[in-house]
Amino acid sequence: MSHQITVIITTFNREIELKKAIRSVLDQTYKADEILVVNNGEKKLDLSEIKDLNKFNFKIINCEKNLHAAGGRNIGANTATNYYLAFLDDDDYWEKNYLKKVSEVIDKAKPDLIVSTLYDMKTNNLYKRINDLNLTQIYLYNPGINGSNIVITKIALNEVGGFKNFLFPSEDKSLLIDLILNKKKIVITDS
């Protein structure tokens with residue numbers, strides 16, 4: 001179980017929330033190899049107070065204009081040096097074993113995409129269980145994916161053209177549809 005994973009966090013003027021998201025990455029029991037923060041905001045980020053950040057391959061990418069979540073994720077994916085990409089929004093965070101569980105799924109199934117169950121951050125209760133990812137359900141409803149519960153191979157993301165920024169706020173659903181239509185291997189987990 002030794003998978004190099006790049007974590008890509010997009011942010012827009014939410015420095016306090018961003019610091020909590022970064023802390024959840026730093027506190028993982030299975031450490032990310034690379035952490036990229038894509039800053040869509042107007043001001044430069046000061047993350048110097050976050051301890052242990054210098055122990056990681058860490059980079060801030062400042063965008064000249066707001067590329068929104070999809071564009072920021074694509075910039076991060078293009079910059080990433082690893083095979084697996086884990087996305088995290090600036091206002092979300094992961095429980096401490098998230099990347100460990102993801103790595104275990106990679107070991108067992110070698111998927112192109114891992115989609116994890118969503119939990120409410122305030123109560124830690126189940127927010128939405130994902131049982132099936134068929135096209136009808138995806139077209140009609142939000143099946144329970146967002147930018148913080150997917151891990152994808154860089155190859156699969158590139159093969160489907162990345163996130164579609166023009167489909168905001170449905171860029172996550174669009175990515176999932178593209179992957180299904182391209183017959184990519186998708187694993188749903190309770191991570």
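Author: Start with Lys110. Its relative accessible area is 54%, so Lys110 is exposed. Bear in mind that this is a predicted model.

Reader: What is the phi of Lys110?

Author: Phi is near 50 degrees. That is a positive value in a residue other than glycine. Most residues other than glycine have a negative phi.

Reader: Which phi does His68 have, and where is His68 placed?

Author: His68 has a positive phi of about 60 degrees, and it is not a glycine. His68 is in helix 2.

Reader: Why is His68 called partly exposed?

Author: Buried means under 20%, and exposed means over 50%. His68 has 38% relative accessibility, so it falls in between and counts as partly exposed.

Reader: Now the second largest pocket. What is its volume, and which residues lie nearest its centre?

Author: The volume is about 230 Å³. The lining has 14 residues. Thr10, Phe12, Arg14, Ala69 and Asp90 lie nearest the centre.

Reader: Which element gives the most to the lining of the second largest pocket?

Author: Helix 2 does, with three residues. Strand 1 (5–11) and helix 2 (68–79) each supply at least two.

Reader: How do the lining residues of the second largest pocket divide by class?

Author: Three are nonpolar, five polar and six charged.

Terms used
Residues numbered from 1 in each chain as written. Predicted model: local features only at pLDDT ≥ 70, side-chain atom pairs only at ≥ 80, totals over all residues. Heavy atoms only, no water. 1 Å grid on protein atoms, 1.4 Å probe; cavity = no way out; pocket = protein on both sides within 12 Å on 5 of 7 lines; lining within 4 Å. Points joined across faces, edges and corners; volume = space filled by probe spheres on them. Helix = DSSP H or I, 4+ residues; strand = E, 2+ residues; numbered from the N terminus. Nonpolar A, V, L, I, M, F, W, Y, C, P; charged D, E, K, R; others polar. Buried < 20%, exposed > 50% of the residue type's maximum accessible area, 1.4 Å probe, protein only.
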